[in-house]
Amino acid sequence: MTLQLDWSGKRVLVLGLARSGVAAAKLLHQAGAHVTVNDRKERRDAPEAAELEQLGVRVVCGGHPPDLIHEKLDCVVKNPGIPYSIPPIQQALRRQIPVVTEVEIAYLFTQSPFVGITGSNGKTTTTTLVGEMLKAGGIRHVVTGNIGQALTEVAHKTHEREWIVAELSSFQLKGTVRFQPRVAALLNIVPAHLDYHVTMDDYIASKQKLFANQTGDDMAVINADCPRSAELIPEVNATVFTFSRRQRVEQGADVRSGWIYFHDSNGKSERILPVEEVALPGGHNLENVLAAVVIAKQCGCTTAAISETLRRFKGVEHRLEFVRERDGVRYYNDSKATNPTATIRSLESFSAPVVLIAGGLDRGVDFRELVPVFRERLYGLVVYGQTGDILLQRGVEARVPVVKRVDRLEEAVRESSHIARPGDTVLLSPGCASWDQFTSFEERGGMFKQAVHRL
């Protein structure tokens, strides 16, 4: 089957009853497809199933029956987090049945231009910041993807002149075929999600699919300071804009003499605002700012709207979020730091000695790259979760003055409050996914904030 907008009479299997799966099933059903939704959860644990069944969608719970994949099946739409190794997906691939994510479905159902933003770190901050810039500039848009509503909930409702600004993960992009964003931004690439992708080559190839269908009429926005990102530039067919906080660029955004500059495709340069007036803290966030400037400019945003936004936007929840100050100690929630590189970037944002809380799901990472920054920045290290022992070892190697191992995050907060001295910073920046003890990084960050306020 060639994927197209005419879904009438097509047979589609949706794998996963999560938000994106439910939204995709509804949209495809409305388009006339014969939809089956499958989830490993038992029926009693799937409250979403009742609503779909009332619409006439077939729902199969409790496992993956062997007859899910058959010769009359036209397409499989999978939840991004479902691995490709499970039998139904392997069977579909062997039969050459398209296996896609909701990104592809949403794209096929809209005439609106897409902004696709991906990267190992900084996606949510940059996507949110672009949305705020467009709002300040009075430009019609909707922010979606991993933020807010599922893509298939909003894409088919948008106007053809309304920008869809989407945060996109490697999981989502891996399942695309024809997806062609008008503006595609790659913020950075560091090792991440290798339990899913297995190899860095597959991880990078999934990110690279953001540019796969672009032409010279489209725009690609790429981080010139990230070697793995910059290496992809020769393979991009779109018009390339780069951004850098360390070097000058010809077309894109950079920093010169303390000012953020934008350079357009006609050779014209303009000052946006002084770096010191950017409200968003952290050197790594300056990269996100530069990327957002380029993206917003491609969407027609004015310099006034961009600079106004940068002066007031202080970040999003769970990303270097200030929680409170108590007894001269400042507490920050960076629960979104789910890999070691994100933790390094967060630690580099603070000049005061840091008591770091870290730990979480064990994905086989050795955390050796953390040792130098631990040695330079930490006064204390409190670790918990599945990776607690290996992180404890790295703290000892780095000769961190105070190192503690606890079982749970709440204990880590109490222990950190005892270790920290007036003028220190307590930072939750786990460097790991949350799924050993929490359902999401949001839940983890919320627990941290509650524990801090109970001190």
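This is a predicted model: local features need pLDDT of at least 70, side-chain atom pairs count only at pLDDT 80 or more; totals for chains, interfaces and linings use all residues.
Helix H11 is mostly covered, with 15 of its 16 residues buried.

**Helix H11**

The helix runs over residues 283-298. Its length can be checked against a simple rule. At 1.5 Å a residue, the 16 residues of H11 should span 22 Å. After H11 comes glycine 300. The phi of glycine 300 is positive, near 90°.

**The chain as a whole**

The protein chain holds 17 helices and 20 strands. Of its 455 residues, 57% are buried. The C-alpha trace spans about 65 × 55 × 35 Å along its principal axes. A compact globule of 455 residues would have a radius of gyration near 23 Å. The protein chain has 23 Å, so it agrees with the globule rule.

**Enclosed and open spaces**

Rolling a probe the size of a water molecule over the atoms shows where empty space is left. Here the count comes to 2 cavities of 30 Å³ or more.

| Space | Volume | Lining by class |
|---|---|---|
| Largest cavity | about 230 Å³ | 3 nonpolar, 9 polar, 5 charged residues |
| Second largest cavity | about 30 Å³ | 3 nonpolar, 3 polar, 2 charged residues |
| Second largest pocket | about 200 Å³ | 4 nonpolar, 3 polar, 6 charged residues |

**The largest cavity**

The largest cavity contains about 230 Å³ of space. It is lined by 17 residues. Closest to its centre are Asn121, Gly122, His284, Arg319 and Lys336. Domain 2 (104-312) and domain 3 (321-454) each give at least three residues to it. By class, 9 of the lining residues are polar, 5 are charged and 3 are nonpolar.

**The second largest pocket**

The second largest pocket has a volume of about 200 Å³. Its lining comprises 13 residues. Nearest its centre lie Arg245, Arg246, Glu287, Thr341 and Arg345. H13 gives the largest share of this lining, 3 residues. Again, at least three residues come from each of domain 2 (104-312) and domain 3 (321-454). The class count is 6 charged, 4 nonpolar and 3 polar residues.

**The second largest cavity**

The second largest cavity holds about 30 Å³. Its lining is made up of Val14, Ser20, Gly21, Ala24, Val77, Lys78, Asn79 and Glu102. Helix H1 (19-30) and strand S4 (75-78) supply at least two residues each. H1 has the largest share, with 3 residues. The lining splits into 3 nonpolar, 3 polar and 2 charged residues.

Serine 85 sits in the loop between S4 and helix H3 (87-94). Its relative accessible area is 58%, over the 50% cut-off, so serine 85 counts as exposed. Tyrosine 196 is 111 residues from serine 85 in sequence. In space, the two are 9.3 Å apart, C-alpha to C-alpha.

Valine 57 is also in a loop, between helix H2 (48-55) and strand S3 (58-61). Its relative accessibility is 3%, under the 20% cut-off, so valine 57 counts as buried. Valine 37 is 20 residues away along the chain. The C-alpha atoms of valine 57 and valine 37 are separated by 7.4 Å.

Valine 382 belongs to strand S18, residues 378-383. Its relative accessible area is 0%, so valine 382 is buried under the 20% cut-off. Valine 382 and threonine 36 are 346 residues apart along the chain. Their C-alpha atoms are separated by 47 Å.

Terms used. Residues are numbered from 1 along each chain as its sequence is written. Side-chain values use heavy atoms; hydrogens and water are left out. On a 1 Å grid over the protein atoms alone, a cavity is a set of points where a 1.4 Å probe fits but cannot get out, and a pocket is an open set with protein on both sides within 12 Å along at least five of seven lines; lining residues have an atom within 4 Å of a point. Grid points are joined across faces, edges and corners, and a volume is the space filled by probe spheres set on the points. Helices (H or I, at least four residues) and strands (E, at least two) are DSSP runs, numbered from the N terminus. Ala, Val, Leu, Ile, Met, Phe, Trp, Tyr, Cys and Pro count as nonpolar, Asp, Glu, Lys and Arg as charged, and the others, Gly among them, as polar. Domain bounds come from an automatic or database domain assignment. The expected span of a helix is 1.5 Å times one less than its number of residues. Buried means under 20% relative accessible area, exposed over 50%, partly exposed in between (1.4 Å probe, protein chains only). The radius of gyration is taken over C-alpha atoms; the globule rule is 2.2 Å times the number of residues to the power 0.38.
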